[in-house]
Protein chains: 2
Amino acid sequence: MVAPLKVGIAGLGTVGSAVVRLIEQQRGALTARCGRGVRVVAVAARSKTRKRDVDLTDIAWARDALALANDPGIDCFVELMGGSDDPAHSAIEAALKSGKSVVTANKALIAKHGLRLASLAEQHGGALNYEAAVGAAIPVIKTLREGLAGTTINRVYGILNGTCNYILTRMEREGLSFAECLKDAQRLGYAEADPSFDVDGHDTAQKLSILASLAFGTRIAQNEVYVEGISSIAPEDLRAAEELGYRVKLLGVAVRTSKGIEQRVHPTMVPKTSSIAQVMGVTNAVTIDGDGIPPITLVGPGAGGAATASAVVADIADVASGTRALPFGRHSTKLRETKKAPMERHEGGYYIRLMARDFAGTAATIATRLAEQKISIESIVQRHPNGKLDTDESDTPISPVPVLLITYATSEDAVHRALHAVRADKVITGRPQVIRIEKN
Amino acid sequence: MVAPLKVGIAGLGTVGSAVVRLIEQQRGALTARCGRGVRVVAVAARSKTRKRDVDLTDIAWARDALALANDPGIDCFVELMGGSDDPAHSAIEAALKSGKSVVTANKALIAKHGLRLASLAEQHGGALNYEAAVGAAIPVIKTLREGLAGTTINRVYGILNGTCNYILTRMEREGLSFAECLKDAQRLGYAEADPSFDVDGHDTAQKLSILASLAFGTRIAQNEVYVEGISSIAPEDLRAAEELGYRVKLLGVAVRTSKGIEQRVHPTMVPKTSSIAQVMGVTNAVTIDGDGIPPITLVGPGAGGAATASAVVADIADVASGTRALPFGRHSTKLRETKKAPMERHEGGYYIRLMARDFAGTAATIATRLAEQKISIESIVQRHPNGKLDTDESDTPISPVPVLLITYATSEDAVHRALHAVRADKVITGRPQVIRIEKN
């Protein structure tokens with residue numbers, strides 16, 4: 001019998017405590033799975049006295065995370081403190097440099113320092129596992145890192161932020177505004193007091209940059225993600241999407257194009273019949289498009305103490321059983337530099353909503369301006385004050401009326417130029433709303 | 001640089017040829033991923049002269065699968081011949097006994113001989129990977145074997161047969177009969193000339209028995225799966241399901257109950273809003289319910305040359321890179337004997353359709369017979385000849401009318417006894433249709 005794996009855990013918040021409990025509960029199962037025991041032998045946390053619903057008898061307290069990482073009495077350092085930099089960063093570096101394996105749920109840190117940490121893990125022979133960093137219990141890291149090694153991946157996209165999907169789901173189902181739903185999400189603990197990291201798309205961008213690296217074998221480039229959040233989405237956009245056969249989701253999309261890797265986070269219209277459109281509430285989902293095979297979609301809880309702890313313990317079990325993969329699915333020196341496809345050159349269909357001063361005149365102007373940019377219109381409709389769609393152009397209202405446009409595939413650049421011209425024509429009031437369409 | 005992994009492939013049908021092509025196409029990517037090359041050095045197939053769309057230059061031909069398995073010039077034996085017994089079985093045994101790793105897509109063989117083969121792999125140090133055996137490119141084996149090591153799994157269920165799901169989807173969408181859709185499926189190559197293995201549920205049962213073993217850490221028990229196929233499903237059942245908020249899917253369900261492990265394959269009503277209900281056509285899906293966490297659903301192509309080859313190559317890549325897990329996620333001696341929960345004691349809700357000679361009288365008799373078995377009725381409705389549902393009991397038609405019942409959770413046994421009594425009362429004509437309901 002091999003000696004048990006000795007685990008040290010830095011951070012005893014919701015997830016850290018859940019991991020300690022789960023390892024204890026799963027003691028027998030883990031031994032059967034790993035061929036050896038798994039024991040939490042030491043922990044580090046800010047407060048030793050804080051009340052936690054977990055039994056810490058016989059577990060040593062390290063002075064701090066760094067001391068724990070350097071403790072020769074542990075084999076596997078589990079970082080659950082969060083934060084993209086110190087103290088988490090130096091503790092992980094220290095653990096890897098001493099040949100220990102590291103398990104972390106820290107997306108911010110992996111997105112920022114993943115390449116350097118992977119290289120340290122490879123040099124010193126430890127594992128670096130981070131399944132919980134993206135999609136919590138959804139095994140998306142393992143799937144991209146190992147499960148699809150036989151496939152050229154062309155696109156990976158998903159709903160990676162539960163807060164945003166919760167807000168969009170409520171807005172759609174109840175016709176509420178973004179602000180109302182955000183307030184509710186905060187009250188229910190689904191959104192932070194400062195929600196900007198989630199609702200502005202930055203959380204999704206960090207996760208996407210990790211998935212893109214695994215999918216395409218490129219170096220993580222979180223600063224090269226185009227990011228747009230959901231705060232400008234109005235109930236009328238969701239209503240229009242519904243009537244046009246779409247749903248609006250905040251997607252992170254990474255796609256291989258002839259111009260390079262496109263990484264973007266933005267509200268997206270997806271066909272109502274697609275797998276991703278069915279994902280409601282705080283649930284997350286990732287779809288992977290492999291060359292020559294139909295898409296694979298993974299759906300599940302993307303956050304929460306228990307779901308995150310489940311992924312962390314699976315990562316620890318891989319360390320214990322010796323199931324070892326390289327951190328980014330290939331040696332870090334083999335990760336290619338990301339060639340960024342500029343967002344202006346993104347191509348796809350667009351939904352455009354504008355407030356026309358006069359429907360007939362505006363329609364003519366818009367048609368002209370779009371034609372000048374070689375943009376083809378799939379549909380142009382006017383929304384009556386009663387909220388129903390109509391294509392009857394004979395209407396000549398006095399107050400501004402919403403006009404909804406769906407374009408065929410065109411470029412971001414062309415859309416911007418056309419809308420710039422329409423605004424200069426002074427036939428609309430306010431800013432046009434633009435939502436990209438993603439087909440499956 | 002480590003020497004390349006030398007691969008021998010037995011079976012050059014659609015999948016085998018696709019694997020040879022994919023390894024060649026992915027040559028650079030596989031080397032980057034695995035830290036070593038992957039080379040197909042020898043093959044065995046029934047016909048050496050058959051036309052195949054694959055370049056076999058520089059690849060040796062073995063006399064037969066067994067000779068290939070015993071060839072000291074290969075490291076990894078890939079079995080793509082099919083069939084639960086010889087020649088595939090003895091070839092795999094020989095390969096494992098000589099310390100080679102084995103990759104197979106053969107569900108029938110794993111379901112029948114998996115335990116013994118796992119034990120051989122463990123004794124002699126080779127890998128035994130079979131991701132493609134269930135759900136083709138959907139990484140469900142890896143997810144259960146490694147990704148959810150930290151979670152107690154309570155239930156795993158899914159759509160595991162594309163042929164059945166294709167037929168049910170067409171029946172539902174177009175109101176066609178089972179026979180008509182089967183004929184179309186055969187014409188399109190989605191169903192075999194002898195479709196019974198698929199449509200009677202046996203293919204699903206084999207796959208389910210493998211998933212159950214991985215999910216619960218038990219020995220595979222394919223003979224202890226309750227199996228019922230889809231041939232008795234009528235368009236009116238699908239119409240009723242639709243109106244009652246359900247869809248009918250052929251599910252394989254393995255669930256941990258207080259009476260043991262329940263393994264069953266049967267047409268199932270699932271709530272229309274569930275992830276599994278969205279899965280249409282030949283697509284497969286598996287949902288995993290872990291203790292204390294929301295369900296995880298994996299959706300994707302469950303068959304097809306390219307999708308199967310993708311999973312086979314990923315398994316080969318794991319062998320090449322040394323990413324090694326035990327065949328059933330734990331040592332085969334640690335797999336517990338399956339304690340089978342008898343189907344008569346299955347508990348759940350039921351949909352029952354019967355042809356009543358007289359609605360009012362039959363309703364009263366049914367209500368009495370069900371009450372005697374302590375079965376509570378959630379709804380009882382009569383279908384008018386015009387096809388619409390109605391609960392108006394005042395109708396007294398002359399010819400038999402369909403009556404639809406939904407029960408609250410009860411036992412299989414109670415339902416059988418109640419229906420036996422109803423038939424003895426002679427208030428119905430023909431056999432009652434019974435479809436189990438699975439809630440999420």
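This is a predicted model: local features need pLDDT of at least 70, side-chain atom pairs count only at pLDDT 80 or more; totals for chains, interfaces and linings use all residues.
With which residue does A:Lys142 form a salt bridge, and how far apart are the closest N and O atoms? The partner is B:Glu146, and the closest N and O atoms are 2.8 Å apart.

**The contact between chain A and chain B**

Chain A brings 47 residues to the contact, and chain B likewise brings 47 residues. Between them an area of about 3600 Å² is buried, and carbon and sulfur atoms give 53% of that area. On the side of chain A, the three residues A:Arg33, A:Ala149 and A:Gly150 supply 18% of what this chain buries against chain B, which is more than any other three residues supply.

Across this interface there are 16 residue pairs in polar contact, counted where both residues have pLDDT 80 or more. The elements of chain A that give two or more residues to the side touching chain B are helix H2 (27-34), helix H6, strand S12 (296-301) and helix H12 (305-321). Of these, H12(A) gives the most, with seven residues. Sorted by class, the side of chain A that touches chain B holds 23 nonpolar, 16 polar and eight charged residues.

Strands also meet at this place, for S12(A) is joined by three bridges to strand S12 (residues 296-301) of chain B, and the two strands run antiparallel. Within this pairing, A:Thr297 stands opposite B:Val299 in S12(B).

**Salt bridges across and within the chains**

Across the interface of chain A and chain B there are two salt bridges, whereas the count over all chains comes to 56.

| Salt bridge | N to O distance |
|---|---|
| A:Lys142 and B:Glu146 | 2.8 Å |
| B:Lys142 and A:Glu146 | 2.8 Å |
| B:Glu93 and B:Lys97 | 3.6 Å |
| A:Arg353 and A:Glu236 | 3.9 Å |

The side chains of B:Lys142 and A:Glu146 meet in a salt bridge at 2.8 Å. This pair crosses between chains, from helix H6 (residues 140-147) of chain B, where B:Lys142 lies, to helix H6 (residues 140-147) of chain A, where A:Glu146 lies. Both B:Lys142 and A:Glu146 are buried.

Are its two partners buried or partly exposed? A:Arg353 counts as buried because its relative accessible area of 13% is under 20%. A:Glu236, at a relative accessible area of 30%, is partly exposed.

B:Glu93 is buried, with a relative accessible area of 14%, while B:Lys97 counts as partly exposed at 43% relative accessibility.

Elsewhere, salt bridges that share partners join A:Lys142, A:Arg145, A:Glu146, A:Asp318, B:Lys142, B:Arg145, B:Glu146 and B:Asp318 into one network. This network includes A:Lys142 and B:Glu146, the pair with which this report opened.

Technical notes:
Residues are numbered from 1 along each chain as its sequence is written. Chains are lettered from A and ligands numbered from 1 in the order in which they are written. Side-chain values use heavy atoms; hydrogens and water are left out. A salt bridge is a side-chain nitrogen of Lys or Arg within 4 Å of a carboxyl oxygen of Asp or Glu. Helices (H or I, at least four residues) and strands (E, at least two) are DSSP runs, numbered from the N terminus. Buried means under 20% relative accessible area, exposed over 50%, partly exposed in between (1.4 Å probe, protein chains only). Contact means heavy atoms within 4.5 Å. Buried area is the accessible area (1.4 Å probe) that two parts lose on being put together, summed over both. A polar contact is a pair of N or O atoms within 3.5 Å; within protein, one must be able to donate a hydrogen and the other to accept it, and residues adjacent in sequence count only if both atoms are side-chain atoms. Ala, Val, Leu, Ile, Met, Phe, Trp, Tyr, Cys and Pro count as nonpolar, Asp, Glu, Lys and Arg as charged, and the others, Gly among them, as polar. Two strands pair if DSSP finds at least two bridges between them.
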